[in-house]
There are 2 protein chains.
Amino acid sequence: MKLSGGVEWAVHCCVVLSRAEGPVPATRLAEFHGISRTYLAKHLQQLSRAGLVSSTEGRVGGYALTRPADAITLLDVVQAIDGREPAFRCTEIRQNGPLPASPQACRKACGVARAMHAAEQAWRDSLKAVTVADLAAGVEHDVGPDTFVRVREWLGS
Amino acid sequence: MKLSGGVEWAVHCCVVLSRAEGPVPATRLAEFHGISRTYLAKHLQQLSRAGLVSSTEGRVGGYALTRPADAITLLDVVQAIDGREPAFRCTEIRQNGPLPASPQACRKACGVARAMHAAEQAWRDSLKAVTVADLAAGVEHDVGPDTFVRVREWLGS
């Protein structure tokens, strides 16, 4: 299975934004993560289109989360970048060939599709149970309680 | 997320093979599913490399499952075609930029990676709980109890 590489950047950005004191310019976010602004801009636009971040212009402008970090799930961010299309696409193979399944049998989704979609639902449920707030708290736990103090200092510098 | 299109074909083939009376030539499998033999051959090779099917030569040769259908999970088939690589790749963003996480903090996997990998484990666990035998039984339930009788008749014709 393949997931868009931009998911990683977008999640990290949301975590930083969740603890920033105000809007953060794209340039600062890119610098903080050591990547090009152009590359990050694309993903910030996707987050914006999905309604997770908003941007303001001007000297103190930049990007900010549109709602509290505990109301943004990891699934929200993943879907903003990677889209909502199912990974498994049922092309109704059972209707092909010399012994196609009857229209009656096909009123219910194919058992293979049902099993594949159930697995994807399990994936989504797992992502939905984690919020950006959880991830930020996790960073404090793993890296140190003063982590975001230092991040805010750097962002303001 | 993207999943190889061949997964669908491979699963359907395994279901047919689980109820066939003997080895089934690739040509017949392709004909039964209404697709080109060349396209199917690639996926049959993947199933073979993963040890799920074996092929025999000769007049009554063809493909067969290597073990009972209740010992082959949907995960086995998916991984045979799509591979075992995680969808999410952690590139250790936290070590980038002006405030990299310390080596000490990085002894534990990043919380973002942990959450993404946990979601993929949920996906794998869901697929692992379904066997080819389950899927074949599901087909009988959905399409009719004589479904594989007719399939075997056609395969033998």
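This is a predicted model: local features need pLDDT of at least 70, side-chain atom pairs count only at pLDDT 80 or more; totals for chains, interfaces and linings use all residues.
What rotation, and what shift along its axis, superposes chain B on chain A? A rotation of 180 degrees with 0.0 Å of shift, and the RMSD comes out at 0.0 Å. So the two copies are related as by a two-fold rotation axis.

A word on confidence before we go on. The model scores ipTM 0.95 and pTM 0.95. For chain A, the mean pLDDT is 95, and 100% of the residues reach 70 or more.

Now, through which surface do the copies meet? Of the interface residues of chain B, 100% are also interface residues in chain A, so the copies meet through the same surface.

Let me take you to one residue there, Leu135(B). You will find Leu135(B) in helix 6 of chain B. Is it buried or exposed? Leu135(B) has a relative accessibility of 8%, so it counts as buried. Setting aside residues up to four places away in sequence, Leu135(B) touches Gly111(A), Val112(A) and Ala115(A) from chain A, together with Val11(B), Val15(B), Leu74(B) and Val130(B) from chain B.

Next, the strands. In chain A, strand 1, residues 53-56, pairs with strand 2, residues 62-65, in the antiparallel sense over 4 bridges. Within that pair, Ser55(A) stands opposite Tyr63(A). The two strands of chain A form a hairpin with 5 residues between them, and Gly58(A) in the turn has a positive phi of about 100 degrees.

If you look across at chain B, strand 1 (residues 53-56) and strand 2 (residues 62-65) also pair in the antiparallel sense, over 4 bridges. Here I would point you to Val53(B), which stands opposite Leu65(B) in strand 2 of chain B. The chain B hairpin has 5 residues between the strands, and Gly58(B) takes a positive phi near 100 degrees.

Last topic: the cysteines. How many disulfides are there over all chains? The count comes to 0. Take Cys90(A): the nearest cysteine sulfur, that of Cys110(A), is 5.5 Å away, and Cys90(A) is in no disulfide. The cut-off for a disulfide is a pair of sulfur atoms within 2.5 Å. With a relative accessible area of 29%, Cys90(A) is partly exposed. Over in chain B, Cys106(B) is in no disulfide either; the nearest cysteine sulfur there belongs to Cys110(B) and is 8.1 Å away. Cys106(B) has a relative accessible area of 17%, so it is buried.

Methods. Residues are numbered from 1 along each chain as its sequence is written. Chains are lettered from A and ligands numbered from 1 in the order in which they are written. Side-chain values use heavy atoms; hydrogens and water are left out. Two strands pair if DSSP finds at least two bridges between them. Buried means under 20% relative accessible area, exposed over 50%, partly exposed in between (1.4 Å probe, protein chains only). pLDDT is the predictor's confidence in each residue, from 0 to 100. Copies are superposed by least squares on the C-alpha atoms of residues with pLDDT of at least 70 in both. Contact means heavy atoms within 4.5 Å.
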